[in-house]
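Here are my notes on the model you sent. They run point by point, with the residues to look at in each.

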Amino acid sequence: MLLQYLNKGVVEAGCDEAGRGCLAGPVFAAAVILPPSFCNDMLNDSKKLTERQRYELRPIIEREAIAWAVGIVDNHEIDRINILRASIEAMHRAISQLKVRPEALLIDGNRFSPFEDIPHTTIVKGDGKMMSIAAASVLAKTYRDDFMTQIDQEFPQYNWRVNKGYPTKDHRAAIAQHGPTKYHRMSFRLLPEPEQLLLF
């Protein structure tokens, strides 16, 4: 059973990211402030939900949340600043877009950099513990999936519509055959064995 809040009476924003372990595409993060009374039996860590469940939950979260926002850091910036800093930056961008300023931040994971003067709490596997973080995980995941499905039309040979940029066998086989694209993260190990990769 997910907790509705960590501290009663405090306006809390849950934050989570999606796409950290991918070889291609941006990292997305979401920040969500839910009303204290929010309850949904389906809501859970997005990784434990089916794709259909995630897309059913997204409009419910967007409609019932006090505020929500999504932040994005693209693959070029990931290569420049590293994926950990990019994940935190995507969360910062999401938080900065919230129409209601939170009094506290609940962060999935164990690493975060302070955002302005808002106190934060990191929670390992928080997307399976707190409703607001779970809601953020659903938004981050579905908006990123939408992006990967969109760019799949540009580069269909990588099957991003299915693998969403994760290091699956078919994704790596496509990189080996066709080389990386402008969406690939060149600072990541794209292939198991070092090979000459020509960007196109």
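Predicted model: local features only at pLDDT ≥ 70, side-chain atom pairs only at ≥ 80, totals over all residues.

1. Contact here means heavy atoms within 4.5 Å. Thr-142 is found in helix α4. Leaving out residues up to four places away in sequence, Thr-142 touches Arg-54, Tyr-55 and Arg-58. Thr-142 counts as buried, at 0% relative accessibility.

2. **Helix α1 against helix α4.** Helix α1 covers residues 51-64, and its axis comes within 9 Å of the axis of α4. The two axes cross at roughly 120°. The crossing of α1 and α4 is left-handed. From α1, the contact uses Arg-54, Tyr-55, Leu-57, Arg-58, Ile-61 and Glu-62. From α4, it uses Ala-135, Val-138, Leu-139, Lys-141, Thr-142, Tyr-143, Asp-145 and Asp-146. By class, the contact has seven nonpolar, one polar and six charged residues.

3. Is Lys-141 buried or exposed? Lys-141 is buried, because its relative accessible area is 16% and the cut-off for buried is under 20%. Its place is in helix α4. Beyond residues up to four places away in sequence, Lys-141 touches Ala-18, Ser-46, Arg-54, Lys-164 and Tyr-166. Of these, Arg-54 is one of the α1 residues in the helix contact.

4. Lys-164 is found in the loop between α5 (160-163) and α6. What is the phi of Lys-164? Phi is near 55°, a positive value in a residue other than glycine. Most residues other than glycine have a negative phi. Lys-164 counts as buried, at 8% relative accessibility.

5. **Asn-82, another positive phi.** Asn-82 sits in the loop between α2 and α3. Its phi is near 85°, again positive in a residue other than glycine. Asn-82 is partly exposed, with a relative accessible area of 36%. Please look at the backbone at both loop positions.

6. **Met-131 in helix α4.** Met-131 lies in helix α4. Met-131 is buried, with a relative accessible area of 4%. Which residues does Met-131 touch, not counting residues up to four places away in sequence? They are Leu-2, Leu-3, Gln-4, Leu-34, Phe-38, Cys-39, Asn-40 and Leu-43. Take Leu-34 from that list. Met-131 and Leu-34 are 97 residues apart in sequence, yet their C-alpha atoms are 8.0 Å apart in space.

7. **Nonpolar cores.** The largest nonpolar core has 38 residues. Within this core, Val-27, Ile-78, Ile-95, Leu-98, Leu-105, Phe-112 and Trp-160 touch the most other members. Strands β1 (12-18), β2 (27-33), β3 (67-73) and β4 (104-108) are among the elements that each supply at least two residues. So do helices α2 (75-81), α3 (83-96), α4 (131-152) and α6 (169-178). The largest share, eight residues, comes from α3. In soluble globular proteins, nonpolar side chains tend to be buried together.

8. **Glu-89 in helix α3.** Glu-89 lies in helix α3. Glu-89 is partly exposed, with a relative accessible area of 28%. Leaving out residues up to four places away in sequence, Glu-89 touches Val-73 and Glu-77. How many Å separate the C-alpha atoms of Glu-89 and Gln-153? The separation is 28 Å, for residues 64 apart along the chain.

9. **Cysteines.** How many disulfides does a search of the whole structure find? It finds zero. Cys-15 is in no disulfide, and the nearest cysteine sulfur, that of Cys-22, is 19 Å away. Cys-15 is buried, with a relative accessible area of 0%. Cys-22 also counts as buried, at 0% relative accessibility.

Notes:
Residues numbered from 1 in each chain as written. Heavy atoms only, no water. Disulfide = S-S within 2.5 Å. Buried < 20%, exposed > 50% of the residue type's maximum accessible area, 1.4 Å probe, protein only. Core = buried A, V, L, I, M, F, W, Y, C linked by side-chain atoms within 4.5 Å. Helix = DSSP H or I, 4+ residues; strand = E, 2+ residues; numbered from the N terminus. Axes fitted to C-alpha atoms, helices over the stretch in contact; angles between N-to-C directions. Left-handed = near helix turned anticlockwise from the far one by under 90°. Nonpolar A, V, L, I, M, F, W, Y, C, P; charged D, E, K, R; others polar.
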